[in-house]
Amino acid sequence: MEPQPYIRLSALNDMIHDTIRARFEGQRFWVLADVTNHSYKSDKKIHYFELVEKAQNGNAITAKIMGKSWGTGAIRIEEFEKHTGQAFTNNLHVLVQVSVDYHPVYGLSVSVLDIDSNFMLGILETAAKCHPGASGQGK
């Protein structure tokens, strides 16, 4: 029996990286999603989390991707927290600007570059009108 043709995993990952870079390099997308599995490394000022989309008629997850934010993105999150009074944490429904990344070891993810404070303020205002005296979401 002849040996099967193969490629190294690193070669496959390099092809995936090249394909994703060719398709998404330099592009930014505003994405509506929920934050889950959030952690913050304060010594490095890096946020790690997942962005998920849930079905409109329940809590079933219909899409999920790993996310991270550092540098300018982390500064934008800090500004968001100050402006809205809302911590960037789990179960938060957000409108974020992202770029798509692929790393041969860490896989596919998005980098959060910006976050829309006005979107959150709208959610908080609507919640306050519907539930007077209730605290903000995600707290």
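The largest pocket of this predicted model has a volume of about 270 Å³, the space filled by probe spheres set on grid points joined across faces, edges and corners. A pocket is an open set of points on a 1 Å grid over the protein atoms alone where a 1.4 Å probe fits, with protein on both sides within 12 Å along at least five of seven lines; lining residues have an atom within 4 Å of a point. Residues are numbered from 1 along each chain, and side-chain values use heavy atoms, without hydrogens and water. In this predicted model, local features need pLDDT of at least 70 and side-chain atom pairs pLDDT 80 or more, whereas totals for chains, interfaces and linings use all residues.

**Largest pocket**
- Its lining includes Tyr48, Lys68, Trp70, Asp101 and His103.
- Strands β3 (61–69), β4 (92–103) and β5 (107–115) each supply at least two lining residues; strands are DSSP runs of E, at least two residues, and helices of H or I, at least four, numbered from the N terminus.

**Second largest pocket**
- The second largest pocket has a volume of about 190 Å³.
- Among its 14 lining residues, Val31, Leu51, Lys64, Ile65 and Val110 lie nearest the centre.

**Helix packing**
- Helices α2 (residues 72–84) and α3 (residues 117–130) pack at about 35 degrees, with axes 10 Å apart; axes are lines fitted to C-alpha atoms over the stretch in contact, and angles run from 0 to 180 degrees between N-to-C directions.
- Phe80, His83 and Thr84 of α2 meet Ser117, Asn118, Met120, Leu121 and Leu124 of α3, contact meaning heavy atoms within 4.5 Å.
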